[in-house]
Amino acid sequence: MDVNRHLTEARERILEEARRKAKMIVEEAEREAESIVKKAEEEWKKRAMEEENRILEEARREAALKTSGARRLSRLRISQEMASIIDELFKQAENGLNHLDLLEVEKSLENLLTDSLKYVDKPRKVYVSEKDVETVRRILSRLGLGYVEVAPAEIRGGLILESESGILVDNSYESRLKLARRALTPLIRKKLWG
């Protein structure tokens, strides 16, 4: 698929850039560490022999701190890039939902309604985006549920079913994407980066 290839290429570019930046940070820290050690060695030559160990040890600690900080910063940047890639994946999924054709929308709404009815014994009202009101009325009529009220809601797609007892089953696209993100993010991380 073109989207998958695009995502793979984008992910590789972003990771390569993050790795390159991380490498540059570590290399810079190592150069600074070498500079600190060299200065310490010059100082040692000026002082007596008993100062040698103290000065070199202090320089090593400082160099280790700088290197450790640079590595920590590079891990943070890579993590941020990974999160950015995952955000982009879910944005594209959401964008795909916004560009379904009428038949796909109707099939999706019917599947979501059928799924929601499993959790509601007496449906009273279905909330849908304004553009889907008539489609859901047709579906309800086809399922013998023409008595169920259909009301517009501030959702992008999907539906929210309300029972006579007030139970709400939220199968809006927004809600389902949030659930999918929570469930899939660890799997995506593992699949993309091991």
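Me: Does Asp-132 count as buried or exposed?
Reply: In this predicted model, local features need pLDDT of at least 70, side-chain atom pairs count only at pLDDT 80 or more, and totals for chains, interfaces and linings use all residues. Residues are numbered from 1 along each chain as its sequence is written, and side-chain values use heavy atoms, with hydrogens and water left out. Buried means under 20% relative accessible area, exposed over 50%, and partly exposed in between (1.4 Å probe, protein chains only). At 6% relative accessibility, Asp-132 counts as buried.

Me: Which residue meets Asp-132 in a salt bridge?
Reply: A salt bridge requires a side-chain nitrogen of Lys or Arg within 4 Å of a carboxyl oxygen of Asp or Glu. Lys-131 counts as exposed, at 59% relative accessibility. With an N to O distance of 3.4 Å, the side chain that meets Asp-132 is that of Lys-131.

Me: Which residue forms a salt bridge with Glu-162?
Reply: Glu-162 is buried, with a relative accessible area of 12%. The closest N and O atoms of the pair are 2.7 Å apart, and the partner is Arg-124.

Me: How many residues apart in sequence are Asp-87 and Arg-181?
Reply: The side chains of Asp-87 and Arg-181 meet in a salt bridge at 2.2 Å, N to O. Asp-87 lies in helix H2 and Arg-181 in helix H5, so the pair ties together parts whose separation in residues is 94.

Me: What is the order of the strands in the open sheet?
Reply: Two strands pair if DSSP finds at least two bridges between them. Strands E1 (residues 123-128) and E2 (residues 149-152) pair in the parallel sense over four bridges. The edge strands, each pairing on one side only, are E2 and E4 (168-172). The sheet has mixed pairing, and its order is E2-E1-E3-E4.

Note on methods: Helices (H or I, at least four residues) and strands (E, at least two) are DSSP runs, numbered from the N terminus.
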